[in-house]
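User: I'm new to this one and would like to learn how to read it. Could you walk me through it feature by feature?
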Amino acid sequence: MKKSITYLAGLFYIALFITSCCPCTRMARAVKPLAGTAWQLAQMEGRTFDAADGYVLRFTSDGKVAGIARCNAIEGTYRSNDDAFLKIAATVGDKECAQAATEAKLVRLLGTVDHYQMDGYTMLLFSNGEMILAFEGK
């Protein structure tokens with residue numbers, strides 16, 4: 001009888017150990033939704049950006065994207081699905097400023113995006129398998 005109880009207790013602890021190591025039981029990392037989040041540009045082709053640079057995008061649930069660049073507005077449309085497909089068509093205003101070339105490059109790169117990946121509060125945008133833009137959810 002004592003051996004049976006010891007044996008069952010041992011099996012219980014082994015089962016408990018195995019299930020605690022299972023990735024399905026680990027706490028899921030919080031992820032910001034694409035639509036409804038303010039996405040601040042963090043990186044563009046290796047160059048880092050911060051809040052002071054002033055590049056923010058917002059995706060709406062009805063397929064629109066709008067944002068601010070350093071001195072111009074960005075607006076357009078997007079399509080996405082549950083498989084992380086993302087296609088963006090955006091334009092930027094034509095007000096002359098020192099950052100006009102950076103703004104134009106951002107919009108050009110947005111037009112090449114073919115999928116995205118969420119990593120916590122970070123949205124990574126890819127074109128042909130290469131990460132070209134990163135945004136932080138605010």
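User: How many salt bridges does the structure hold?

Analyst: The general idea is that side chains of opposite charge can pair when their charged atoms come close. A salt bridge here means a side-chain nitrogen of Lys or Arg within 4 Å of a carboxyl oxygen of Asp or Glu. By that rule, this structure holds 3 salt bridges. Keep in mind that it's a predicted model, where local features need pLDDT of at least 70 and side-chain atom pairs count only at pLDDT 80 or more, while totals for chains, interfaces and linings use all residues. Residues are numbered from 1 along each chain as its sequence is written, and side-chain values use heavy atoms, leaving out hydrogens and water.

User: Which residue forms a salt bridge with Lys105?

Analyst: That's Glu45, with the closest N and O atoms 2.8 Å apart. Lys105 sits in helix α2 (residues 100-110) and Glu45 in the loop between β1 and β2 (47-48), so the pair ties together parts 60 residues apart in sequence. Those labels come from DSSP runs numbered from the N terminus: helices are H or I with at least four residues, strands are E with at least two.

User: What about Asp53 and Arg70?

Analyst: Their side chains meet in a salt bridge at 4.0 Å, N to O. Asp53 is in the loop between β2 and β3 (56-59) and Arg70 in the loop between β4 (64-68) and β5, so this pair links parts 17 residues apart in sequence. Asp53 is buried, at 18%, whereas Arg70 is partly exposed, at 43%.

User: And which residue does Asp62 meet in a salt bridge?

Analyst: Asp62 meets Lys64, at 3.8 Å from N to O. Asp62 counts as exposed at 53%, and Lys64 as partly exposed at 47%.

User: Now the strands. How do β5 and β6 pair?

Analyst: Two strands pair if DSSP finds at least two bridges between them. Strand β5 (residues 73-80) and strand β6 (residues 86-92) run antiparallel over 7 bridges. Thr77 stands opposite Ala89 in β6. The two strands form a hairpin with 5 residues between them, and Ala84 in the turn has a positive phi of about 70 degrees.

User: Last one: where is Gly36 found?

Analyst: Look in the loop between α1 (2-21) and β1 (38-44). Gly36 is exposed, at 73% relative accessibility. Gly36 and Ser61 are 25 residues apart in sequence, with their C-alpha atoms 7.2 Å apart in space.

Key:
Buried means under 20% relative accessible area, exposed over 50%, partly exposed in between (1.4 Å probe, protein chains only).
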